Amino acid sequence: MRDSGKRANTTAHSPLTTDLLRRLAPRQVLTSLAERRNYRYDAIQFGETPLAVVLPESTADVVVAVKAARAAGVPIVGRGAASGLSGGAAPLRESLVISFTRMTGLRLDPVRREAHAQAGVVTLAVSDAARPHGLIYPPDPASFRTSTIGGNLAENAGGPMCFKYGVSGDYVKGLEVVDAHGEVHTLTRDAYDLAGLLIGSEGTLGLMTEAALRLLPPPRFTRTLMAHFPEVGACAEAVSQAIAAGAVPSKLEFMDRACTNAVEDYLVLGLPRGAEAVLLVDTDGDDLETVEEERALVEQACVAAGGTVRRAGTDAEAAALWQARRSVSPALGRIRPQRMNEDIAVPRSALPEVVREIRVLGDASPFPVVQFGHIGDGNLHPNILFDPRQDDAEAVHHLAHQIALVALRHGGVLSGEHGIGSMKRDFMTDALDPVTLDVLRDVKRTLDPADLLNPGKVLP
Ligand SMILES: Cc1cc2nc3c(=O)[nH]c(=O)nc-3n(C[C@H](O)[C@H](O)[C@H](O)COP(=O)(O)OP(=O)(O)OC[C@H]3O[C@@H](n4cnc5c(N)ncnc54)[C@H](O)[C@@H]3O)c2cc1C
């Protein structure tokens, strides 16, 4: 539904906005409908237009906003770059959205190998700031050019490097959090690891305002290869064998035939169109001999499994190979305007069967389904491509549910890195037993008794 120009300029007057405008600068409070409507979605889902949007510039501003929303009994939705893929930042009710994009303070402590980042710092900015000090920040979600540290930690984001280097939460030394009462806490990773509890809680237990992040020295050498296989099972087998033989690749990415062809249609990179599975692998480290040995182990495993290997001889060739993986999103956007990006994780040994079962589901549905993912972790992204103007949203949701059930049947989980949000909330009853769900509800009730923080997300 479109707004008329008149409605688009409507300003929301409520006790909440009056209170916010009294306590914060006018530039920090968005009240017009035209502005508010820009804060009702994430990368996958539209929600309710918020009652008001606050753009805090400090932790003190966040405290003011939370206390005002609490006094008015209005739900609060934290928001970073809205690149989330599970509906997390899309409000389900009329809410106060707290958008962290102006909290971009970033301080480096190279001696301690730490970055102190406010919630709205873009992921790439941490890596860029660390590089001149000879340091890296490994968490690398494919959205790293736009996603924020707050959003990364709220989702515990992963990326191609997570098999060797771990996910976003593994780099947190401490967190500053504003709770549902508007109180500020400095959380460490000590007993009870409350920082760990907040990581991956999707804005439902507290708002993260600042994080102390661990940095690493970069590996001195990196080697890249691509392998393609006549069968998905062979690809998964090669990965398992390489890891069993002692290789710890820094990146391990898989694309199925439909995904490879979508990318090739888009960019013409010379990818093997006939292959059922394409594998992209980096090995890295400080000792060149070991890096080369690990690459050889991967190559041997690929060849033994019936794969064909192509090495990148130069950095430019390596970058060209990785361009294929980085181009998946725009390539899929050319097939259908929207996609439901599933994010299951299953034991590596189950991957061949899981990929096959999902393909059967996709073939039987009216929607194109493509698969890719961080295969080292068994993290698979089956994407259902659809056109919201003509396709039945219920049918898309039903297929997503069927895919989630495949993962659960094979001992997997609903989310590898994108979170549960609202998209997979109702599948939680399939994934967890009632007693465990009650424990999660108890945790939520303890930290947020009035259910003000991102209500309707995660918990069914
Ligand atoms: C093209 C593309 C590629 C992607 N690739 C990856 C990938 O490789 N790996 C991966 O893990 N994800 C990936 N994602 C998903 C997404 O980018 C990540 O989930 C990211 O961490 C979200 O960050 P954000 O700043 O956009 O958060 P948002 O989408 O704004 O918010 C996400 C969740 O965090 C909450 N939140 C935001 N800020 C705070 C805060 N300060 N305190 C508390 N809660 C907060 C929100 O309420 C919401 O529930 C991809 C997305 C796209 C569009």
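Visitor: How many bridges join β11 to strand β16, and in which sense do the two run?

Guide: This is a predicted model. In it, β11 and strand β16 (residues 369-374) are joined by 2 bridges and run antiparallel. Within that pairing, Met-255 stands opposite Phe-372 in β16. β11 also pairs with β12: the two run antiparallel and are joined by 6 bridges. Met-255 takes part here as well, with Val-278 as its bridge partner in β12.

Next comes the setting of β11. Of its 6 residues, 6 are buried, so the strand is largely enclosed by the rest of the structure. Lys-251, Glu-253 and Met-255 point one way from β11, while Leu-252, Phe-254 and Asp-256 point the other way, and all of them are buried.

The largest nonpolar core has 52 residues, and Phe-229, Leu-279 and Ile-384 are the ones that touch the most other members. β11 (251-256) supplies at least two residues of this core, and so do other elements, including β10 (221-229), β12 (277-285), α14 (351-364) and β17 (379-386). Domain 3 (221-329) and domain 4 (336-419) both give residues to the core, so it lies between them. As a general matter, nonpolar side chains in soluble globular proteins tend to be buried together.

Phe-229 can be followed in more detail. Not counting residues up to four places away in sequence, its contacts include Ala-234, Ala-238, Ala-277, Leu-279 and Cys-302. Apart from this core lies another, of 27 residues, among them Val-126, Ile-199, Leu-215 and Leu-216.

Gly-362 is buried, with a relative accessible area of 8%. Leaving aside neighbours within four places in sequence, Gly-362 is in contact with Phe-367 and Val-369. Gly-362 and Pro-382 are 20 residues apart in sequence, and their C-alpha atoms are 9.4 Å apart in space.

The chain as a whole is divided into domain 1 (5-102), domain 2 (106-214), domain 3 (221-329) and domain 4 (336-419). Between domain 2 and domain 3, the C-alpha centres lie 29 Å apart. Contact between these two domains involves 6 residues of domain 2 and 8 residues of domain 3.

Another sheet can be traced elsewhere in the chain. It is an open sheet of 5 strands in the order β5-β6-β9-β7-β8, with antiparallel pairing. Its edge strands are β5 (106-109) and β8 (184-188), each pairing on one side only. On average, neighbouring strands of this sheet are turned by 15 degrees against each other, direction ignored. Inside the sheet, strand β7 (residues 172-178) and strand β9 (residues 207-214) pair in the antiparallel sense over 6 bridges. Glu-176 stands opposite Glu-210 in β9.

Two helices pack on this sheet. Helix α4 (residues 59-72) touches β7, β8 and β9, and its direction makes about 45 degrees with that of β7. Helix α5 (residues 123-130) touches β5, β6 (114-118) and β9, and its direction makes about 35 degrees with that of β5.

In an unreviewed entry, UniProt places the feature "domain: FAD-binding PCMH-type" at residues 46-218. Over residues 46-218 the model is 22% helix and 23% strand, with the end C-alpha atoms 39 Å apart.

Key: Residues are numbered from 1 along each chain as its sequence is written. This is a predicted model: local features need pLDDT of at least 70, side-chain atom pairs count only at pLDDT 80 or more; totals for chains, interfaces and linings use all residues. Side-chain values use heavy atoms; hydrogens and water are left out. Two strands pair if DSSP finds at least two bridges between them. Helices (H or I, at least four residues) and strands (E, at least two) are DSSP runs, numbered from the N terminus. Axes are lines fitted to C-alpha atoms, for helices over the stretch in contact, and angles run from 0 to 180 degrees between N-to-C directions. Contact means heavy atoms within 4.5 Å. A nonpolar core is a set of buried Ala, Val, Leu, Ile, Met, Phe, Trp, Tyr and Cys residues joined through side-chain atoms within 4.5 Å. Buried means under 20% relative accessible area, exposed over 50%, partly exposed in between (1.4 Å probe, protein chains only). Domain bounds come from an automatic or database domain assignment. UniProt positions are given in the numbering used here, feature names are shortened, and annotations may be inferred rather than shown by experiment.
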